[in-house]
Amino acid sequence: LCLLLLFYAWYAKGERVVLNITKDSLSITLHDGWYYHGGDNKDWAQPGTDDTTWETTNLLLGANNGHRLNFNNIGWFRLHLNIDSSLVGEQLALSVDQAGASEIYIDGKLLVSYGEIGNSHENSLYYNPQGKPATFAFNKAGEHVIAIRYAKYNMKETVDRYNNASLGAHIVLHRATVAINEYKGELLIF
């Protein structure tokens, strides 16, 4: 039984978590199932990157995940999506709230940058787009990768000071029309 459990743990580690997205699953919050690797390598934006040995995490980066990952400067997050054929060519949007600076890539192509990622806290500009939608469309069904280069240099200090702080990102995948209307509504309320 122990050998069987060890084999399963070894086998399961190499399996990729893929989130299935259909028209019925929109609007979906993309918190869980992200692969994380500390450091900075722009090649990690590419869909062919082997991330099966990366740690899995929640993108919100609360106190527990931030400490567990030892995140304190720049890291990469990757999420694998299986896109249904009914969504091919449809205008979609990512609505983002974040505490740091980011570059968001879809299948290796830069979709949007929020803030500026420098080589230190002083040289970075953190920016929260507060749900402002970034629109795009998938050109084929099947597996796609969202990759995020994310910087928050003072994360450990902030988490230690504000124990319940979430210092990552909150991302929702919508139809573009829904995301734009929600954003317009929030602007009107503001």
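This is a predicted model: local features need pLDDT of at least 70, side-chain atom pairs count only at pLDDT 80 or more; totals for chains, interfaces and linings use all residues.

Visitor: OK, which residue lies over the face of Trp54?
Guide: That's Arg78, at 5.9 Å from the ring centre. Arg78 also stands opposite Ala147 in strand S10.

Visitor: How many helices and strands are there in the chain?
Guide: The chain has 4 helices and 11 strands. Those are DSSP runs numbered from the N terminus: helices are H or I with at least four residues, strands are E with at least two.

Visitor: And what percentage of the residues is buried?
Guide: 45% of the 190 residues. Buried means under 20% relative accessible area, exposed over 50%, and partly exposed in between, using a 1.4 Å probe and protein chains only.

Visitor: Back to rings. How many aromatic pairs are there?
Guide: The structure holds 6. Rings of Phe, Tyr and Trp (its six-membered ring) pair if their centres lie within 6.5 Å; planes under 30 degrees apart count as stacked, over 60 as edge-to-face and the rest as tilted.

Visitor: Why is the pair of Trp44 and Trp54 edge-to-face?
Guide: Their planes are at 70°, so they get that label, and the ring centres are 5.3 Å apart. Trp44 and Trp54 sit 10 residues apart, in the loop between strand S3 (34-38) and strand S4 (55-57).

Visitor: Are those two buried or exposed?
Guide: Both Trp44 and Trp54 are buried. Another edge-to-face pair is Phe77 with Tyr150: the centres are 6.3 Å apart and the planes at 80°. Phe77 is in strand S5 (residues 74-83) and Tyr150 in S10 (residues 142-151), so this pair ties together parts 73 residues apart in sequence.

Visitor: Which rings are in a cluster?
Guide: Ring pairs link Tyr36, Phe77 and Tyr150 into one. Phe77 is buried at 0% relative accessible area, and Tyr150 at 2%.

Visitor: How many residues of S5 are buried?
Guide: 9 of its 10, making S5 mostly covered.

Visitor: What does S5 pair with?
Guide: Its partners include S10, joined by 10 bridges and running antiparallel. S3 also runs antiparallel to S5, with 4 bridges, while strand S1 (residues 18-21) pairs with S5 in the parallel sense over 4 bridges. Two strands pair if DSSP finds at least two bridges between them.

Visitor: New topic: what's the strand order in the open sheet?
Guide: S2-S11-S6-S9, with antiparallel pairing. Strand S2 (28-29) and S9 stand at the edges with a single partner strand each, so one side of each has no neighbour in the sheet.

Visitor: Which helix packs on that sheet?
Guide: Helix H4 (residues 176-189), touching S6, S9 and strand S11 (169-175). A contact means heavy atoms within 4.5 Å.

Visitor: Last one: where is Ala141?
Guide: In the loop between strand S9 (133-136) and S10. Ala141 counts as partly exposed, at 37% relative accessibility. Not counting residues up to four places away in sequence, Ala141 touches Ile83, Asp84, Ser85 and Val88.

Conventions. Residues are numbered from 1 along each chain as its sequence is written. Side-chain values use heavy atoms; hydrogens and water are left out. A charge sits over a ring if NZ of Lys or CZ of Arg is within 6 Å of the ring centre and within 35 degrees of the ring normal. Axes are lines fitted to C-alpha atoms, for helices over the stretch in contact, and angles run from 0 to 180 degrees between N-to-C directions.
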